[in-house]
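Have a look at the model with me before reading on.

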Number of protein chains: 2
Amino acid sequence: MHPVLIVISGPSGVGKDTVVKSILDSDPSIHFVVTATSRPPRPSEINGVDYFFYSQEKFEKMIADGEFLEYAVVHDNYKGVPKTQIRQALNSGKDVIMRVDPQGAATLKTLIPEATFIFLTADSLEVLAERLRNRKTESGDVFDLRLQIAQKELARIKEFDYLVINREGQINRTVEQILAIVQAEKCRVNREPITL
Amino acid sequence: MHPVLIVISGPSGVGKDTVVKSILDSDPSIHFVVTATSRPPRPSEINGVDYFFYSQEKFEKMIADGEFLEYAVVHDNYKGVPKTQIRQALNSGKDVIMRVDPQGAATLKTLIPEATFIFLTADSLEVLAERLRNRKTESGDVFDLRLQIAQKELARIKEFDYLVINREGQINRTVEQILAIVQAEKCRVNREPITL
């Protein structure tokens, strides 16, 4: 059975980070894709865990060599997903999981159509709004903007393979459903191996 | 989430009966489709559990009324799958499971393309042959014939959605994989409700 590449996406506030963390706790054999960045590490950040920290020169060399699945410039720094990491994990038979925003998922789908795309959503837009509102870091304006974006992102669900509802207080069920999807995908008859 | 209709198939000797029984033990909320027959019940058989026993007249009336998903004549008796039963289970939100031979699965796929088709196979054709050989009911000729049929049936795998290997002594794993498929299918974005 070929390993699978799972892309987890969904609107801001839906709990992607927590869900991915719980998946990795439940099944440590899954490889989580670590993003690379050219910005310097913050004191608490560990290279290879939080990000891969590359110099700007190294990053640009890697871009030139086509070594990123995708990359972007964020606040004057590069941010990208190195192909080698995913390739090595898949070659060693490991399932791979990535967390991206819905826009990034759309790009990934054109690059790796054989991957499995899971859209994570909340019980309702109201619940999502409530979660965003409780983030103390968001000002009123940012909150309104994020909610507008979330509404647009929900329209993207049909581009995904699976929809999982991350219900309030039921993260174990969310994780169980995603692990069931991983297991089922491995049994699919017409699944193509992933090429990067 | 719409309920799913799962069709379990695979060659003779692969363990379809045992696997289906274990699935129902693990998740009693799943409805198992009971076949109808016009032959008289054997002493140990219970109406509605082993088969639905209908008179020939009733069976023919039901055929005329289009009440069977499919039916066949076996040893001068009718055998068929009543639609009402499946419809009622699905309408009440229950997942439904059926066990058919690969030929029957091909017919079902044209009738209910929205169903989920799982092909059950053994570790290898050798293991399958061994299991058939151990069935004391089979004479040498019947054994050879069954093995030939099994080889042909394996070629049908590509017509199915999922392939599950029922490994020797690992029935729990087989059941776990099938239940994962049920759970995953319920999360599929583009899944159509089943109409009969």
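These entries go from the whole chain to the pair of copies, and then to one residue.

**Ground rules.** I am working with a predicted model, in which local features need pLDDT of at least 70 and side-chain atom pairs count only at pLDDT 80 or more, while totals for chains, interfaces and linings use all residues. Residues are numbered from 1 along each chain as its sequence is written, and chains are lettered from A in the order in which they are written.

**Chain A.** I found 7 helices and 9 strands; these are DSSP runs (helices H or I, at least four residues; strands E, at least two), numbered from the N terminus. The C-alpha atoms fill a box of roughly 45 × 45 × 30 Å along the principal axes.

**One residue.** I looked up B:I86, which sits in helix α3 (residues 83-91) of chain B. Is B:I86 buried or exposed? B:I86 is buried, with 21 other C-beta atoms within 10 Å; buried means 20 or more, exposed 12 or fewer, partly exposed in between, with C-beta atoms placed from the backbone. Leaving out residues up to four places away in sequence, B:I86 touches B:L5, B:V33, B:L69, B:V96 and B:L196 (contact: C-beta atoms within 7 Å).

How values were computed. Contact = placed C-beta atoms within 7 Å.
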